[in-house]
Amino acid sequence: MTFPQWRTQLRLYHALVLLAEHTPVTVVAHRCGWSSASAFIDVFRRAFGHTPGTHLR
């Protein structure tokens, strides 16, 4: 695993923690270092197969 891959995995893990605490998706995206919510949603969907908004439903 390369460093950028590792960093993305760490950021996604942190995002899962924040989403479990019912933090809004936009806030999660910015706290985890993505430049926009849409960029975060795209990476999240590729990693987990669904959007962060539907993750806990």
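How many of the 57 residues of the chain count as buried? The share is 25%. Here, buried means under 20% relative accessible area, exposed means over 50%, and partly exposed lies in between (1.4 Å probe, protein chains only). The model is a predicted one: local features need pLDDT of at least 70, side-chain atom pairs count only at pLDDT 80 or more, and totals for chains, interfaces and linings use all residues. Residues are numbered from 1 along each chain as its sequence is written, and side-chain values use heavy atoms, with hydrogens and water left out.

The chain holds three helices and zero strands. Its pattern along the sequence is α-α-α. The radius of gyration is 10 Å, close to the 10 Å that the globule rule gives for 57 residues, so the chain is as compact as a globular protein of that length. This radius is taken over C-alpha atoms, and the globule rule is 2.2 Å times the number of residues to the power 0.38. Helices (H or I, at least four residues) and strands (E, at least two) are DSSP runs, numbered from the N terminus. Along its principal axes, the C-alpha trace spans about 30 × 20 × 20 Å. Contacts were also counted, a contact being heavy atoms within 4.5 Å. Among contacts between residues at least 6 apart in sequence, 35% join residues at least 24 apart.

The interior comes next. Nonpolar side chains tend to be buried together in soluble globular proteins. The largest nonpolar core in this chain has eleven residues: L12, A15, L18, L19, V28, A29, C32, W34, A37, F40 and F44. Two or more residues of this core come from each of α1, α2 (25–31) and α3. Helix α1 gives the largest share, four residues. Such a core is a set of buried Ala, Val, Leu, Ile, Met, Phe, Trp, Tyr and Cys residues joined through side-chain atoms within 4.5 Å.

V28 is a core residue in helix α2. With 0% relative accessibility, V28 counts as buried. Residues up to four places away in sequence aside, V28 touches A15, L18, L19, T23 and F40. Its C-alpha atom is 14 Å from that of Q9, 19 residues apart in sequence. A37, another member of the core, touches T26 and A29, again not counting residues up to four places away in sequence. V27 also sits in helix α2. V27 is partly exposed, at 31% relative accessible area. V27 and V43 are 16 residues apart in sequence, and their C-alpha atoms are 16 Å apart in space.

Accessible areas come from the Shrake-Rupley method with a 1.4 Å probe; for residues, only the protein chains shown count as cover. On this surface, M1, F3, W6, L10, Y13 and V17 form a nonpolar patch with about 720 Å² of accessible area together. Patches are made of residues with over 30% relative accessible area and no salt bridge; like charges are joined within 9 Å, and nonpolar side chains (Val, Leu, Ile, Met, Phe, Trp, Tyr) within 5 Å. Y13 lies in helix α1 (residues 3–20). Y13 is exposed, with a relative accessible area of 56%. The C-alpha atoms of Y13 and T54 are separated by 16 Å, although the two residues are 41 apart along the chain. T54 belongs to the segment after α3 and is partly exposed, at 35% relative accessible area.

Charged pairs were then searched. A salt bridge is a side-chain nitrogen of Lys or Arg within 4 Å of a carboxyl oxygen of Asp or Glu. By this rule, the count comes to one. The side chains of R46 and D42 form the bridge, at 2.3 Å from N to O. Both residues lie in helix α3 (residues 37–48), four residues apart, about one turn of the helix. R46 is exposed, with a relative accessible area of 64%. D42 is partly exposed, at 30%.

One backbone angle also deserves a note. Most residues other than glycine have a negative phi. H22, however, has a phi near 65 degrees, a positive value in a residue other than glycine. H22 lies in the loop between α1 and α2. At 67% relative accessibility, H22 counts as exposed.
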